[in-house]
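Have the sequence and the 3D view open as you read.

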Amino acid sequence: MEITRKKQQSLFLSLILLIIHLYPSSSELEKVKNNTSLNSDEVHVGVILDMRSWTGKITNSCISMAIADFYAVNTHCKTRLILHSRDSQGDPFHALTTASNLMQNVDLQAIICIGMTPTGAQILADLGSRAKIPVISLFTTLPNSLTWHSIEIDQDDEASQSQARGISDFISVFKWKEVILFHEDNAWGNDNTIPYLFDSLHDNDIDIARRISISLASSTDDQIIEKLSMLKSLDTKVFVVHMSHALVSHLFLNAKKLGMMSKGYAWIATAATMNFLHSMDSLVVESSMQGVVGFRRYVPTSKELHNFTLRWRREMYLNNPNAEVSELDAYGILAYDTVWAVAKASEKLKTGQVSDEILYKRIVNNRFRGLSGDFQFVNGKLTSSREFEIVNVIGKTIKRVGFWNPTTGITKEMNSSVFINKMDTISSTSPNDELEVIIWPGGSAAIPVGVGKINKLRIGVPVNGLKQFVSVVWDPQFINATLTVEGFCIDVFKAAIDTLTFEVPYEFIPFVDAGGRVAAGSYSDLIDQVYFQKFDAAVGDTTITANRSVYVDFTLPYTDMAIGMIVPIDQNNNMWIFLKPLKPNLWLTIAALFVLTGFVVWIIERPVNDEFQGSRAHQFGMIFWYSFSTLVFSQREKIVSNLSKFVVIVWVFVVLILSSSYTATLASMLTIQQIKLASMDNIGSQLGSVVPGALSNLNFKDSRLKKYNTVEEYANALSKGSISAIVDEIPYVKAFLSKYSAHYTTAAAKYTTSTNGFGFVFQKGSPLVHDISRAIARLREEGTLAKIENVWFNTQQSSNFMHEDSTSSNPSSLSLANFGGLFLFFFGISTTLALVIFLVTSIYKRTFWRTGELNKTVLPL
């Protein structure tokens, strides 16, 4: 490093001596002024730029258009800028020699140098200061000591500080705690941006793991590779780069060779690189810089800027028809505004001979609204924008993903009221909620971890459960190699991982014994292995229990939290099934009411209706016939009395209610067979299930609970009558019905309980528990869980499965208590009332009959 500095100092002194030697004397300058001042209104301005680079071409076109636009608008100007453009050919020494020759041959009032090295710009500024010629340096930072006659069009201290804060906030958003800093080893690379970065990162509790400096002049590709190889072995995968575009090409090319532009890495470039990205070799950008995120100067949009951009594109196409028209950058716009500033300053003087010193003061005192926004100087430096665009390199172009400004921090839109600040990094807000999706190195949208080696999660999976949930298929050619791991639980876990905003590599490891094929234990044993840290997690049909939660952490459940029952579809071959809908007391009551109704109608109709008269046998038969015929509403006998009609109407209503209730109950009984846990029948359950514990509070004997391992064993036991029903968790019930829904159905028990559902198992304190739980909640809200469930349990019964709280119990037989109100208030009161009226009327008639005051003809009621 010390040798490099000495070489730079020696080169700097040699250049100073050479330029001083070549620089003309005062008398020679006076001769030049006399020879070139043919027109006193002309203001001669030298322009030094690299015509071979895209930066030079863009800037040169903007300068030419600025001259034309200024005098097209200001037609009455008394002065006119005369530009003397010279090609630096990208060589600092040639640029200085060209500038010296230009000063000898032309009476320059100002010099604009574009894209020079810091050393070259410093020498030229020193010469301009001694010659009292304003030197305007675009895109080059000058020492603070060179302020007289030196004008800097670059990022000022406040803008550098703002950019450092923006980068620090950006890193904080992604919760990275360590970064590696690359910067250029020269006066330019050690500008105020580096100290500001140190301060801002420290304020956000972000450590700088390494600080690496690289020199464009002395660092070879081998040296760069050596430094990168050292960094590759570190855990930190986040890099911040503050380099010129010329040097950064070498850095990214070599990083690409070492595989450091792949998935898991994050590269953040400052405006020093991103402002000149278009001037870099497109092959380098496309092959080595994909996924780089950077900050660049923000230029506010306006109608004038839009119109100028369209004209500039046409101009560039006409001058470079075979070249791909590049993007107009912020510095091309600044060059345009700079020419306007010089032209305005020259016009304000309106003197026959423009004084260089006065011109300098006029330029720095300029203030106007240009294409780049507010254009003004402070201490010889243009006040830079405090706002930055956050861009992402994708292909040959860049994509804007957000903004940063000192007021709102990071936002998706410049005028957005929602922003990310330090407090947001503590919350669960995803960065992609406030930023456009960023494509990181390797083409991945998953946020890099940032720190730590990316180790795969060791996920244990059971091999002794139902295949619909976890199925492990081995390659028959290898003993320990697995071919596929699939199932409902596996698909849910993969879907949850895919929703995460960061990368989580993992591998499934079957929980098997030393032989490699047989399960090494139960589900509880698998969970114990997570506790003993043999596995980082376990994925399968693992039920969440309070006891297990003492040793491991569970995610939110991703299945139903209930216990269901499976019963055979009852064929109901019982010949007396038609009697079951009604209990005996109700049957007897209905029979009695039939007789009572017939008797009441017979009593009322007999005195006035011939059809209810005759022999005793005929009248006795009429009592039963008439009341029972109301079941089918087929009475042929006409009734005369209004009282009997009233009784019949009420009775028909009662019969309608009874027949409807009977039909509904019988239909239910023909479909569902009632199961009671308190009965003496055996019940089936999944081997290793937590159902016995969940049923312990229901007075259920464990001896009646039979364990089975597959749905085929379930079906075989049910078909043989070994068990009367299956009592298990809802996911197992759905798995069974997805295959045997034709012969079995679900039924809810009179006394039911529930479980906590299935959850993924992680070690205690694992940070993934919160992220996976939130992902499961999102999958449930979006309907993804339901879609995965339908894929694995795709039957009408399973997809339309009713939870226990909505599944009605098997219908009980109807009793007299169910119809007490109907019989009492409707039939009892109406019949009693009719009889009372009939009896009172009859007694009244007989009393008057005896006194002879009634007619002989008996009038019907």
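Is E389 buried or exposed? E389 is buried, with a relative accessible area of 5%. Here "buried" means under 20% relative accessible area, "exposed" means over 50%, and "partly exposed" is in between, using a 1.4 Å probe and protein chains only.

A quick word on the ground rules. This is a predicted model, where local features need pLDDT of at least 70 and side-chain atom pairs count only at pLDDT 80 or more, while totals for chains, interfaces and linings use all residues. Residues are numbered from 1 along each chain as its sequence is written, and side-chain values use heavy atoms, with hydrogens and water left out.

**The salt bridges**

What does E389 do with its side chain? It meets the side chain of R296 in a salt bridge, at 2.9 Å from N to O. A salt bridge here is a side-chain nitrogen of Lys or Arg within 4 Å of a carboxyl oxygen of Asp or Glu, and by this rule the count comes to nine. Here are some of them:

| Pair | N to O distance | Relative accessibility |
|---|---|---|
| R296 and E389 | 2.9 Å | R296 14%, E389 5% |
| K734 and D560 | 2.7 Å | K734 5%, D560 21% |
| R774 and D771 | 3.9 Å | R774 28%, D771 16% |

Helices (H or I, at least four residues) and strands (E, at least two) are DSSP runs, numbered from the N terminus. R296 is buried too.

K734 and D560 also link distant parts of the chain, being 174 residues apart. K734 belongs to helix α23 (residues 730–740), while D560 is in the loop between β22 (553–554) and β23 (563–568). K734 is buried, whereas D560 counts as partly exposed.

R774 and D771 tell another story: both lie in helix α24 (residues 768–782), three residues apart, about one turn of the helix. R774 counts as partly exposed and D771 as buried. Going back to R296 and E389, salt bridges that share partners join these two and R400 into one network.

**The eight-stranded sheet**

How many strands does the open sheet with the order β7-β6-β8-β9-β10-β14-β15-β16 have? It has eight, with mixed pairing; two strands pair if DSSP finds at least two bridges between them. β7 (207–214) and β16 (409–411) stand at the edges, each with a single partner strand, so one side of each is left without a neighbour in the sheet. Neighbouring strands of this sheet are turned by 25° against each other on average, direction ignored. For such angles, axes are lines fitted to C-alpha atoms (for helices, over the stretch in contact), and angles run from 0 to 180 degrees between N-to-C directions.

Strand β15 (residues 397–405) pairs with β16 in the antiparallel sense over three bridges, and N405 stands opposite G409 in β16.

Helix α7 (residues 193–203) touches β6 (178–184), β7 and β8 (238–242), and its direction makes about 175° with that of β6. Helix α8 (residues 221–232) touches β6, β7, β8 and β9 (266–269), and its direction makes about 170° with that of β7.

Strand β16 also holds T411, which is buried at a relative accessible area of 0%. A polar atom of the T411 side chain lies 2.7 Å from the backbone oxygen of E413.

**The five-stranded sheet**

Another open sheet has five strands in the order β25-β24-β26-β23-β27, again with mixed pairing. Its edge strands are β25 (705–708) and β27 (744–746), and each pairs on one side only. Neighbouring strands here are turned by 30° against each other on average, direction ignored.

β23 and β27 pair in the antiparallel sense over three bridges, and V567 stands opposite T745 in β27. Helix α22 (residues 711–720) packs on the sheet, touching β23, β24 (683–686), β25, β26 (725–729) and β27, and its direction makes about 150° with that of β26.

Technical notes. Contact means heavy atoms within 4.5 Å. A polar contact is a pair of N or O atoms within 3.5 Å; within protein, one must be able to donate a hydrogen and the other to accept it, and residues adjacent in sequence count only if both atoms are side-chain atoms.
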